[in-house]
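Grab a pencil and open the viewer. Here are a few exercises, each with a worked solution.

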Amino acid sequence: MSTGSMEQLYQQVILDHAKFPHGKGLGVAGDADLHTGESHQVNPTCGDEVTLQVDVSDDGIVRAVRWDGQGCSISQASVSVLHDLVVGNPLATVDQIGGTFRALMQTRGAGLDDDAEDTLGDATAFTGVAKYPARIKCALLGWAALTDALIKTGARENS
C-alpha cells in the first residue's frame, strides 16, 4: 500500500471510532468483587475531556472500561481504541500496550516496528498524529485517564 492510501485508511479508522465509539457510557461495575477506579482528564489547550472508569479483577485482569467525553475526533477515537486494546488483558499487558502507544506518539510520524504495530492494532492509525505535537496530547488523553484510574483501583498483579 502506498503512503497516501495508508494515511487514508488510518484517517478512516479514526473517524469510524469517533463516530461509533466502543465502550462509551459511564456506569457502575457489574460485579462487587471488581476493583473500580475513575479518572477525569482535561486537555486545557483544546478543551478535550474524558472521564474513564476501569474495573480490574483480583487476578489483575482489566474486565471493563467505560468512558464518556467530548472533544476532537482524535481524543474520542483514541479512547475507543484503548477500550478495545485493554479489556480482557492482564495489567502487565495493559502497561506494555500503553507504553507502546506512548512510544508511537514520540516517533514524529515514523511509526514503530511490525511487532509494536501488531501490539497496537487499530491504534497504529494514530501514527500520523505524532507528526503534530499539538495533537499528541489529544491522542494521549484517554491513556492518561486509564493510568490514573488504574492507580485508583488499588489492584495489583499477583505475580
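Predicted model: local features only at pLDDT ≥ 70, side-chain atom pairs only at ≥ 80, totals over all residues.

Numbering starts from 1 along each chain as its sequence is written, and side-chain values use heavy atoms, with hydrogens and water left out.

**Exercise 1. Work out the strand order of the open sheet and find its edge strands.**

Step 1: The sheet has three strands in the order 1-2-3, with antiparallel pairing. Strands here are DSSP E runs of at least two residues, helices are H or I runs of at least four, and both are numbered from the N terminus. To pair, two strands need at least two DSSP bridges between them.

Step 2: Strand 1 (35-42) and strand 3 sit at the edges, as each pairs on one side only.

Step 3: On average, neighbouring strands are turned by 10 degrees against each other, direction ignored. Axes are lines fitted to C-alpha atoms (for helices, over the stretch in contact), and angles run from 0 to 180 degrees between N-to-C directions.

**Exercise 2. Trace how strand 2 joins strand 3.**

Step 1: Count the bridges: there are eight, and the two strands run antiparallel.

Step 2: Look at single pairs. Thr-51 has Asp-68 in strand 3 as its bridge partner, and Val-54 stands opposite Val-65.

Step 3: Check the turn. The two strands form a hairpin with five residues between them, and Gly-60 in the turn has a positive phi of about 80 degrees.

**Exercise 3. Find which residues touch the most other members of the largest nonpolar core.**

Step 1: Such a core is a set of buried Ala, Val, Leu, Ile, Met, Phe, Trp, Tyr and Cys residues joined through side-chain atoms within 4.5 Å.

Step 2: Among its 41 residues, the answer is Leu-52, Phe-101, Met-105 and Phe-126. Helix 5 gives the most to this core, with 10 residues.

Step 3: Zoom in on Met-105: its contacts (heavy atoms within 4.5 Å) include Phe-126, Val-129 and Ile-136.

**Exercise 4. Is Thr-107 buried or exposed?**

Step 1: Locate Thr-107 in the loop between helix 3 and helix 4 (114-120).

Step 2: Buried means under 20% relative accessible area, exposed over 50%, and partly exposed in between (1.4 Å probe, protein chains only). At 17%, Thr-107 is buried.

Step 3: Leaving aside neighbours within four places in sequence, Thr-107 is in contact with Leu-112 and Ala-130.
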